[in-house]
Amino acid sequence: MVKKDDENPRELKEYVDDFFKDLQLYDDRVNGHYYTDLLKAVIDAFLQNENPENAREVYETFFMIYQITSHDKSELYKNKSFVIDNEPNTLLDLVELMRQYEENTGPLIDKQRDHFVHSVNVFILGLAIYSQNSKYQRLFKNYVLKSKYDKYYRLRDLEEGEEPDYTHVHDEEFLYRWGIASLFHDIGYPVEIIGKQLNKFVKKGIKSISVDYDVDTAIDFKDFDEFNAIRKIRPNFADNYRNAHEKSKFLDMFKPTDIMAHKISEDIDRIDLNVLLKNLNSFVQTMNENGFIDHGFFSSILVLNSYGNLIQRFEEKNPGFFFYPIVDSASAILLHNYFRNVLHKRDEFDIDVLDATESPLAYLLILCDELQEWNRRPYGEKDIQKTHANDMIIDVNDHHLYITYVLNAGSLGLGFSEDKESLLTELLSIKPVFKNGLSVNTEMGREEDFISQFNKNDAYSPYVLLSNIEKLAEEVHNDYNDTIRELYEKKKENNEEIDEGLQEKYDNIKPYEELSPEFKLSNIRSAKAIPVKLSMIGCEIAPIPENADDEKEYEKEYFITGNEIEDLAKFEHERWLDEKRANGWKYGEKRDDAHKIHPSLLEWDELIKIRPDEVKKDEQAIKAIPKILKVIGMRVVKSKLKLLAHEKHNFYAKEKENVVPFEELPDDVQYLNYKQTYFMVKILKELGLDLVPIDHEGDAVKVLTHDQIEYLAKRDHESWYENKLNLAYRYDPSRGELTNPNIKPWDELPNATKELNKNTYVNLLVLCENVGLKIIKSE
């Protein structure tokens, strides 16, 4: 892991603050608006609470500031005149359609993740990088000056005879072009969704009938020429541009693919215009023949269609406003996928890397789009099951760009950091912008998050409780009643004020049998959640031994600790919140069961501040779990899988020098061992074997074959290797804080290390028996 120059890296918001620090938009300077403050405020709100509503407000504010209408908004403001503008914001309508479509259709496909909130994150990350890297600022402004466009946002007017240089280009020019490129770069994604849905439907549906049938689907645009055409309202719309650019005279400047082919070949002179033009104009056919859809291609055409139509409709709008900034943004949108998949790969182009001087917006869009993959909301079936990062730390300046993805659980995949870093350095010329390079790393989050976050994903509910669940639910309710009585009587005894909520709860205490069906169900759900919560802290439910003198070590009762009580109370409250909200309950200061209003429908942090007694109630519910379980003859014990993790590691430690016992391992390494043991259960299933309690019916396997041991050891090491890489470990002959001599693929390990790993599995059956488990053949 590359060490950061700053041991306390700044928040993303601080970088954005730098961007806005001295920025004043044109309409603020000239016409007395406060648009800069407004845009900054909605971005701050989004950074504080990242959700679709706040994302929409960022979109809305940006496109309203730069909306193209029939009226001169600034002139109206100066004259204090008020006009109702019925001009629809078609650009915002497009964005809203994209958001609705992917939310509603995403679950119908395997791989689908948010593009709406993601695009706002890309926009903000670009502002942060621009604000911190003067090299990028300079080359972007020089690019603007090189483009023969004289209507750009100026920092100041030029003196007579003064030659323009990059210091005269206002940062608003970047904001405007970058806003369009980043916020619109995925606008065509619904086109790709349609193809994916059809693909999944045909493959899954038809294959259930015939396993030999396969299909790749794409969209066949029969009327693509009509789609790929800007409505011609002003025939002389492109005249000035044609006069300035000789090659454009032979092209159709009302055809988006022609416009972008010319723009890209002008910017990247290594590209032959005619070859690119042919490729773009046949790209729909190429996609259809090869069964894929590039939504960036359709996004760029949508942008040119929309803006081209808008600007032509109003005679006073300068066509250059379209052919320079808008085409620049649209070309960047096209290139954010097209560069990687076509220009970088195809023999007729064979372009190694994109230089920031050639297309600074495309360069930044590729960079930010890749880096902002970490927190995209999953919609597709498979994406929902994947591990995602919980935070991203960015450290950026004139010299370097360091990105660290923080995970509270799981793994982003084998070699994630290396692959991400390798992809970006393969596509982009990094050193001219960041002389010390780009570094992508992953690390685990706060130690107290490890176990709870990991087990929340892997928690399970054993069937042992189902026959007794109603009795448990009754005990859950009885304990709740006892807690309310105790709290009420204690306050009364101490002459403390009894708030209205507590008084109401005390007055409404009733036995379980008198509860409404809804509240009975709520208690049953709470009872069902008990084994799930215990699983989160590495525990499970086991019968109370008839004779305590005969109990095995793994049968001993486990007592829930203080930190675990707090974590599980929070989880219980979140579970209860989800349940109530799903049933239509809403927050209100006064409880009203008839109208489904409850004063405790608050997030945990708010609950602690506003209703601390409710927090105590949730914690008491966790403390009462052992007492409740005793009603059905059960108790809390350590999870056998976690005990097996201890056994496996300590066996390995005995065989290997300089390996500390399990109990002395750091929390994150203990966590990784737990994870490996959970994974081992999956590997056994691949071999047709099940890991079960020792009293489970079925004969225990007596011996594992050589091939089974080899398979288990290899798969176990591959998983361990993947997780270590994603914890930012690297290979080194000596062990260190973040180094290990075994950070290698299985085939590259020394034979002695392989044999040591296999030896653990040679003895696996004995280790399982030590913790009350056995391995049987799957039915």
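**Exercise 1.** Determine which residues of α22 and α24 meet, and how they divide by type.

*Solution.* Step 1: On the side of α22, the residues I469, L472, A473, V476 and H477 meet N523, I524, S526, A527, K528 and I530 of α24; contact means heavy atoms within 4.5 Å. Step 2: These residues divide into seven nonpolar, three polar and one charged. Here Ala, Val, Leu, Ile, Met, Phe, Trp, Tyr, Cys and Pro count as nonpolar, Asp, Glu, Lys and Arg as charged, and the others, Gly among them, as polar.

The model is predicted: local features need pLDDT of at least 70, side-chain atom pairs count only at pLDDT 80 or more, and totals for chains, interfaces and linings use all residues. Residues are numbered from 1 along each chain as its sequence is written, and side-chain values use heavy atoms, with hydrogens and water left out.

**Exercise 2.** Determine how α22 and α24 are oriented to each other.

*Solution.* Step 1: The axes of α22 (residues 469–493) and α24 (residues 517–536) come within 8 Å and cross at roughly 105°. Step 2: Angles of 65 to 115 degrees count as roughly perpendicular, and the two helices are therefore roughly perpendicular to each other.

**Exercise 3.** Locate N495 and K596, and classify each as buried, partly exposed or exposed.

*Solution.* Step 1: N495, not a glycine, has a positive phi of about 55° and sits in the loop between α22 and α23 (500–507). Step 2: Buried means under 20% relative accessible area, exposed over 50%, and partly exposed in between (1.4 Å probe, protein chains only). At 71% relative accessibility, N495 is exposed. Step 3: K596 lies in the loop between β5 (586–587) and β6 (597–598), and its relative accessible area of 29% makes K596 partly exposed.

Definitions and conventions. Axes are lines fitted to C-alpha atoms, for helices over the stretch in contact, and angles run from 0 to 180 degrees between N-to-C directions. Helices (H or I, at least four residues) and strands (E, at least two) are DSSP runs, numbered from the N terminus. Angles under 35 degrees count as roughly parallel, over 145 as roughly antiparallel, 65 to 115 as roughly perpendicular and the rest as oblique.
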